[in-house]
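Biologist: Please show me the model. I have some questions about its fold.

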Amino acid sequence: MKRTSRILLILALVIMTVTLSAGMAFGDGNEGGLNLTDTYPKDGATGAAIENFDVKLYFDGKLTKEVLGNKNNDCFTLTDADGNSLPLIVLYDPKNEGVMMILFDYNTEKKDSEGKALRIKGDSEYTLKISGDLMADNGDTLGTDQTITFKTINQSRNSLISMGMMLILYAGIIFFSMRNARKKTEDEKSGSGYEPVNPYKEAKRTGKSVEEILEREKKKKEKAALKAAREAAEEDDDDIEPYLEEGHYRVKSIRTVASGGSTYITGRKAAAEEKAAREARYAKNAQKGKKGKKK
C-alpha cells in the first residue's frame with residue numbers, strides 16, 4: 001500500500017512538472033494582455049513568397065478595423081538585410097477577428113540610399129518588428145516588442161529546377177514515343193514482310209517519278225497485307241482440330257494405295273487416257289474439216 005502511494009505521489013509530481021513546463025514554454029508571456037500566438041511565415045522560415053508578399057499575424061484577442069481604425073498602422077516595421085524600411089499596408093481580416101495581415105505596398109515608391117526602388121527580392125532576408133504598443137479592441141496591448149525574421153524564396157534556382165524537370169519530362173515523352181514508334185515498325189515488318197521506303201529518296205535513286213514509287217509501294221503494301229491475313233487465317237485453321245467420325249484418323253500426308261503395297265488396278269487411269277486420246281482425235285479431225293472448206 002505504501003509503495004502504491006509513493007508511485008502515485010511521484011506520478012502527480014511528474015504531471016505537475018510537465019504542466020508547469022508547458023505553461024512556461026507555451027505561455028502567452030503577457031498574462032492578462034494581448035498575445036501573438038502564431039505567424040506565417042514563421043520566425044526563421046525560408047521560402048517565403050515574393051509575389052503577393054504578406055505576413056499573417058495571429059493573436060488571442062479581438063482586433064477589428066471598425067474599432068481600431070488606424071491606431072496600429074505605425075506598430076509595424078519591415079526592414080531588409082541592408083536596414084532599409086519598406087512601405088507597408090496594414091489590414092484586418094474581417095472573417096477572423098484575431099488575424100492581421102501586413103502587406104508590402106507596391107504602389108508606394110520608396111528608394112534606398114543608392115536611389116533604387118525598394119522591392120521584395122528573392123533569396124533575401126527580411127525582419128518584421130511588431131511594437132509592444134499594438135492594441136486590441138478591448139484596449140489590451142502586446143506589452144513587449146517582438147520580431148520575426150524570415151527569408152524569401154530563391155526564384156532563379158526554383159526556375160532552373162522547374163525548367164530541368166520540364167526538360168526531363170519532355171525528353172522522357174520523346175524517348176518513349178520514338179521507342180513505341182520503332183517497336184510498331186518492327187512489328188509491322190516482322191508481321192507482313194513489308195518495309196516502307198522514302199518515296200522521294202527512292203525516286204532520286206531509281207530516276208522514277210514519285211507517283212510511280214507511291215503506286216508501287218501501295219501495291220506492295222496491299223500484297224503484304226493479304227499475305228499476312230492469309231497466314232493469320234492459316235494459323236487459325238491449324239489451331240482448329242477437324243471433326244473426325246469414329247473409325248477415321250488424321251494423317252500427316254495423303255498416300256496412294258500403291259504406296260501401301262496394294263496391286264489392285266481400278267482401271268480409272270486407262271479410261272482417262274482413252275478419253276484424252278479420243279478428244280485429241282476429234283480436235284484433229286475438226287481442224288482438217290475447217291481447212292477443206294477453205295479450199
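Biologist: Among contacts in the chain between residues at least 6 apart in sequence, what share joins residues at least 24 apart?
Modeller: This is a predicted model, where local features need pLDDT of at least 70, side-chain atom pairs count only at pLDDT 80 or more, and totals for chains, interfaces and linings use all residues. Residues are numbered from 1 along each chain as its sequence is written, and side-chain values use heavy atoms, with hydrogens and water left out. Contact means heavy atoms within 4.5 Å. For pairs at least 6 apart in the chain, the share at least 24 apart is 57%.

Biologist: How many helices and strands does the chain have?
Modeller: Both are DSSP runs numbered from the N terminus: helices are H or I with at least four residues, strands are E with at least two. The order from the N terminus on is α-β-β-α-β-β-β-β-β-β-α-α-α-α. The count is six helices and eight strands.

Biologist: What is the strand order in the open sheet of four strands?
Modeller: Strands pair if DSSP finds at least two bridges between them. β1 and β2 (residues 54-59) pair over four antiparallel bridges. Five bridges join β2 to β6, and five join β5 to β6. The order is β1-β2-β6-β5.

Biologist: Which strands have one side left without a neighbour in the sheet, and why?
Modeller: The pairing in this sheet is antiparallel. An edge strand has a single partner, so one of its sides is left without a neighbour in the sheet. The edge strands are β1 (36-40) and β5 (88-92).

Biologist: Which residue of β6 stands opposite aspartate 54?
Modeller: β2 and β6 run antiparallel. The residue facing isoleucine 89 is also in β6, and it is leucine 103. Opposite aspartate 54 stands leucine 103.

Biologist: How many residues of β6 are buried?
Modeller: Buried means under 20% relative accessible area, exposed over 50%, and partly exposed in between, with a 1.4 Å probe and protein chains only. Across the 295 residues of the chain, 19% count as buried. Strand β6 (residues 99-104) is mostly covered, and of its six residues the buried ones number five.

Biologist: Which residues lie nearest the centre of the largest pocket?
Modeller: A pocket is an open set of points on a 1 Å grid over the protein atoms alone, where a 1.4 Å probe fits, with protein on both sides within 12 Å along at least five of seven lines; lining residues have an atom within 4 Å of a point. The largest pocket has a volume of about 200 Å³, the space filled by probe spheres set on the points. Its lining comprises 14 residues, and nearest the centre are Asp80, Asp82, Asn84, Asp112 and Lys121.

Biologist: Is asparagine 84 buried or exposed?
Modeller: Asparagine 84 sits in the loop between β3 (76-80) and β4 (85-86). Beyond its neighbours within four places in sequence, asparagine 84 is in contact with Leu78, Thr79, Asp112, Ser113 and Leu118. Its relative accessibility is 17%, so asparagine 84 counts as buried.

Biologist: What is phi of asparagine 52?
Modeller: Asparagine 52 lies in the loop between β1 and β2. The residue is exposed, with a relative accessible area of 67%. Asparagine 52 is not a glycine, yet its phi is positive, near 55 degrees.
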